[in-house]
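Colleague: I'd like a close look at one part of this model, the place where the two protein chains touch. Please take me through it.

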Protein chains: 2
Amino acid sequence: MKKENISIKEIARLAGTSVATVSRVINQNGRFSEETGQRVREVIEAYNYRPNELARSLRVDKAQVVGVIVPDITNEFFSYIARKIETDLLEKGYMAVICDTNESMEREKQYIETLKAMRVGGIIYVSGDQKIEPIRGIPAVYIDRKPEFVNGDRGSCFIGGDNYQGGYLAAQRLIRAGRKRIAIVLHARTIATQEKRLNGYRQALYDYGIPGGEELIYQVENVDMDHGFRITKEIWESPERPDAIFYSSDILAIGALQYFHERGVKIPRDVSIVGIDDIPLSARVTPALTTVRQDYLKYGSLASNAVVKMMKGDQEKRTYILSMELIERETV
Amino acid sequence: MKKENISIKEIARLAGTSVATVSRVINQNGRFSEETGQRVREVIEAYNYRPNELARSLRVDKAQVVGVIVPDITNEFFSYIARKIETDLLEKGYMAVICDTNESMEREKQYIETLKAMRVGGIIYVSGDQKIEPIRGIPAVYIDRKPEFVNGDRGSCFIGGDNYQGGYLAAQRLIRAGRKRIAIVLHARTIATQEKRLNGYRQALYDYGIPGGEELIYQVENVDMDHGFRITKEIWESPERPDAIFYSSDILAIGALQYFHERGVKIPRDVSIVGIDDIPLSARVTPALTTVRQDYLKYGSLASNAVVKMMKGDQEKRTYILSMELIERETV
DNA sequence: TCATATCGGGTAATCCTTTACTCATTTCCT
DNA sequence: AGGAAATGAGTAAAGGATTACCCGATATGA
């Protein structure tokens, strides 16, 4: 615990040169002779020197760090996105700091404040609160949920899936399986992504002449298996029991699978199910979940590309909307 | 993108005082009158000032940050630990930066270097490589896998479960269910945790007079569902097909469930299974997994307590070994 | 040959905080 | 009342890196 950290000044002394030169060698800018460079590199090597990142960042007023804010790191959808971003960023020479808000808006705000105080170079904000204040003064990219201001705010950028299409695809699949009473379970309906999925679902119903009413629309407070389980119980015990359900998240659908299993309901004989996201787990549960795939790894890589571009001052495309795809498995 | 960040100097000017006083007010140390304090706070409030964390950390040569290194953030076991640590640390006024190494030793090293360069105050290292170099010059706590040097190195600390007991409990349960050919599947056997589980399992077999031989011990290269699936296939197709399997991770056991389902093998009629960890998913799969619980959230909270104590210079207990507990469910 | 570029590299200012010193006032004690 | 102690607050020195600026020496060109 006593080993002092060696500083650039020491290195300069040991290499018989000045701090400026050492800095130049490290950052490969400015001019220096090959010989001096060699000598400096040797000393750096010998003492295993690594510049103090705090001092560097302070000087240039920008850390080589980007904050990644996710609502629930225990959900595969987010942990895979986080990992993808982290990997990509690392390759580009940046450090990702992943912040799990645990669905709390308060923590969301707290994190943004702290990240700003740390002078991170950018922020990637996954599926956060719709009404969040724009993150100002710092490049920000939003994934999944598009905040209202994105189009107006230079310095922010959005990446997400075509949720209308997702809703349409899911409902269409259920219709084609001959289902007539198709329920949909959403996360809070006020969230734009959810609204769009609902619209897609409705359009499909309309196109195929299937009746759909308010009584078939369910909402869930939180997206986890337990809520999936409970809402399914409610749906199944309601007077207008449906013969198919579209869950606006694989996690919810997997919770549903558990309910139906316990209840002895056979899938897809008694009820057909489709989820959305296509997290890895969906392929592994039994029966394997039919779902709508979101290319969430792509969200991650587009996002990391976008932030670093923005951090370098380049103008970045404002919005990416990726299309979704139906994945056939065993639940319909 | 143009808004300049206001500095303490500006605040001092606006409050008609000196930077030293402003700093005192912010940090509640040193002396200042109530009146001045009030005035300064008002200006800070008005301009929404937040000290530059880089400068602060540079001055005190220590960031209010602790690095948390995990091998696989998509595994619930780790994501729950990470979240717990993050939450606890946040409450204590520290920031956690979660680093997912994706099981890569190279990234592990890279992260440690970068974290040091960022002058984090401490590192929590979850289930990393056994042969890692001790992290020097910085408080470190290790969770799950105990590196050899921990006992010798002041400034490091270990938290984990009683793996011998875990192995014993699992095997014992299987034996009591009347099973005679009990296989065990481990992650690399050279890992100390795995070795201990194996010993516990062997002791149980011995105590109850059940034969156990090398041919019942399997190893897996990686801990994920896919490897669980594949090793199970191998086991099931082998000439000495067992009637019970202990998986050294719930994730592996869940992969096994999938294999047996596809294969039409009934659990626990044809084969009994027990896992270890008790991740949330284990309770939700079908059939629900009988497992050995590790109190991994406790690992997280003990670890965050330990790092902050060490960061404050207090001596911390060297080692915590928590006991495990058998959880009865449906697979045996 | 002399003026000018180019090259290599050093000096010192700067980034923003914290904090050891210092000092002028006020309060307190005997 | 006079010296000690406490109070409130300012000055300036770190802390470790980057970089604008400067200078001497060599190379270049007319």
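Through which surface do the copies, chain A and chain B, meet?

Modeller: This is a predicted model, so local features need pLDDT of at least 70, side-chain atom pairs count only at pLDDT 80 or more, and totals for chains, interfaces and linings use all residues. Residues are numbered from 1 along each chain as its sequence is written, while chains are lettered from A and ligands numbered from 1 in the order in which they are written.

The copies meet through the same surface, because 100% of the interface residues of chain B are also interface residues in chain A. Contact means C-beta atoms, placed from the backbone, within 7 Å. By that rule, 40 residues of chain B touch 40 residues of chain A. On the chain B side, two or more residues each come from H4, helix H5 (76-91), strand S2 (95-100), helix H6 (105-117) and helix H10 (250-263). Helices (H or I, at least four residues) and strands (E, at least two) are DSSP runs, numbered from the N terminus. H5(B) gives the most, seven residues. By class, this side has 15 nonpolar, 12 polar and 13 charged residues. Nonpolar means Ala, Val, Leu, Ile, Met, Phe, Trp, Tyr, Cys and Pro; charged means Asp, Glu, Lys and Arg; the others, Gly among them, are polar.

Now the symmetry. A rotation of 180° with 0.0 Å of shift along its axis puts chain B on chain A, with an RMSD of 0.1 Å. That is the relation of a two-fold axis.

Within its own chain, H5(B) packs on helix H12 (residues 296-311) of chain B at about 35°, axes 8 Å apart. Axes are lines fitted to C-alpha atoms over the stretch in contact, and angles run from 0 to 180 degrees between N-to-C directions. The crossing is right-handed, meaning that the near helix is turned clockwise from the far one by less than a right angle. Residues of H5(B) in this contact include Phe77(B), Tyr80(B) and Leu89(B). From H12(B) come, among them, Tyr296(B), Leu297(B) and Ala303(B). The contact has nine nonpolar, three polar and two charged residues.

Definitions and conventions. Two residues are in contact if their C-beta atoms, placed from the backbone, lie within 7 Å. Copies are superposed by least squares on the C-alpha atoms of residues with pLDDT of at least 70 in both.
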